[in-house]
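Let's take a walk through this fold, one piece at a time. Keep the viewer open and follow along.

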Amino acid sequence: MTTADRRSTSGHVRLVDVAALAGVSMKTVSNVVRGAPHVSAAMRARVQKAVDELGYRPNLTARRLVTGRTGMLALALPEMDQPYYAELARHVAQAAPELGYRVLIEQTLLDAEAEHAVIRDRETGVVDGVLFHPVRMSNDEVARLRPELPLVLLGEDAPATTDHVMIDNVAAARDVIAYLVASGRRRVAFLGTVVDETSQATKPRLRGFHEGLDAAGVPAADRPVLMCAAYSVEAAEAALEAALAAGTRIDAVMCREDRFAVGALRALHRAGLRVPEDVAVVGWDDTQPARWASPQLTSVAPDKRELARVALRLVHERVTGHQGPGRHLIVPHTLAVRDSS
């Protein structure tokens with residue numbers, strides 16, 4: 001029987017057609033199509049060969065009717081043009097098929113109403129669960145809205161009732177300070193807080209900055225905290241440039257993100273200060289700009305791959321029936337040391 005003969009009379013390829021060509025049961029084909037983890041590599045390859053030969057495409061509507069699931073997850077992030085979020089999205093999209101999911105990516109663009117829409121189950125019927133990095137919403141708001149869809153929060157904070165994956169920002173900031181102090185730096189600036197702060201990331205990083213300098217016995221006068229007008233390279237550059245022009249003396253800068261660290265490099269260059277000889281610079285998130293900068297940036301490196309995998313595992317467990325209390329998990333971080341320090 002030819003491949004064409006295996007198609008139904010309507011011309012559509014069915015699950016039974018794939019099973020017949022592969023010589024396996026329809027259940028096995030279904031397991032392969034859904035990405036079930038227990039299928040052997042050899043069996044997966046055998047079924048995939050039949051799928052490719054016949055041009056089979058799963059019917060998502062039929063799948064939802066039978067299983068109650070779509071095989072889709074939503075990933076809601078603030079800004080896709082911010083390097084950290086873009087890299088995190090790539091890791092989520094790469095890992096999701098291991099659990100049988102595809103990913104729809106949504107930008108909330110720092111808009112409170114868009115974030116509320118994510119929690120209010122706008123994706124119900126379209127996706128099986130949501131990975132969500134809120135910026136504007138408070139923990140009380142997240143807890144009060146109680147979404148019906150399985151939800152895992154990313155970022156710095158979450159209510160006790162909701163699954164959450166993060167790095168320990170306070171500990172990571174202390175690690176940065178310990179490294180700088182050990183290399184002889186004693187006048188460390190934090191770059192920086194932001195006017196009309198929206199991100200929850202600054203507060204724990206600033207806390208760790210102060211805790212680390214307290215432990216090192218560095219006086220408060222030798223640890224300036226600089227204010228930026230916005231979340232941008234240009235705003236960070238302007239803040240540090242203004243501080244240097246005002247006579248602020250520093251030998252290191254700990255930045256709340258890599259974009260700010262790039263701004264610091266520009267300001268220091270314009271002021272005639274050498275990096276790292278005169279001033280060491282440390283960024284945060286270990287994104288591509290850290291590796292492209294000149295000199296290359298030392299940066300706090302969250303394990304973004306592990307963060308994606310843990311978040312996907314938690315949401316998959318919720319989708320498949322887990323009913324326990326909210327789980328709050330910490331993933332590892334390191335300090336990627338490069339030329340800027």
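What follows goes from a sheet to a loop, a pair of cysteines and a few helices and strands.

A bit of housekeeping comes before the tour. This is a predicted model, where local features need pLDDT of at least 70, side-chain atom pairs count only at pLDDT 80 or more, and totals for chains, interfaces and linings use all residues. Residues are numbered from 1 along each chain as its sequence is written, and side-chain values use heavy atoms, with hydrogens and water left out.

Start with the open sheet of six strands, which has mixed pairing and runs in the order 7-6-8-9-10-12. Its edge strands are strand 7 (225-228) and strand 12 (333-336), each of which pairs on one side only. From one strand to the next, the twist averages 20°; axes here are lines fitted to C-alpha atoms, for helices over the stretch in contact, and angles run from 0 to 180 degrees between N-to-C directions. Strands (E, at least two residues) and helices (H or I, at least four) are DSSP runs numbered from the N terminus, and two strands pair if DSSP finds at least two bridges between them. Strand 7 runs parallel to strand 6 (residues 188-194), and four bridges join them. To see one of these bridges, find T193, whose partner in strand 7 is M227.

Now move to the loop between strand 8 (252-255) and helix 11 (258-270), where R256 lies. Is this arginine, R256, buried or exposed? R256 is buried, because its relative accessible area is 3% and the cut-off for buried is under 20% (exposed is over 50%, partly exposed is in between, with a 1.4 Å probe and protein chains only). Its side chain makes a polar contact with the side chain of S199 at 3.1 Å. A polar contact is a pair of N or O atoms within 3.5 Å; within protein, one must be able to donate a hydrogen and the other to accept it, and residues adjacent in sequence count only if both atoms are side-chain atoms. Not counting residues up to four places away in sequence, R256 touches a list of residues including F190, E197, Y231 and W284, with contact meaning heavy atoms within 4.5 Å.

What about the cysteines? A search of the whole structure finds zero disulfides, a disulfide being a pair of cysteine sulfur atoms within 2.5 Å. C228 is in no disulfide, and the nearest cysteine sulfur, that of C255, is 8.6 Å away.

Next comes helix 11, which is mostly covered: ten of its 13 residues are buried, among them D258, R259 and F260. Just after helix 11, G272 takes a positive phi of about 75°.

Finally, look at strand 3 (residues 129-132), which is covered on both faces: G129 and L131 are buried on one side, V130 and F132 on the other. Strand 3 pairs with strand 1 (residues 72-77) in the parallel sense over four bridges, and L75 stands opposite L131. Strand 3 also runs parallel to strand 4 (residues 151-154), joined by three bridges, with V130 opposite L151.
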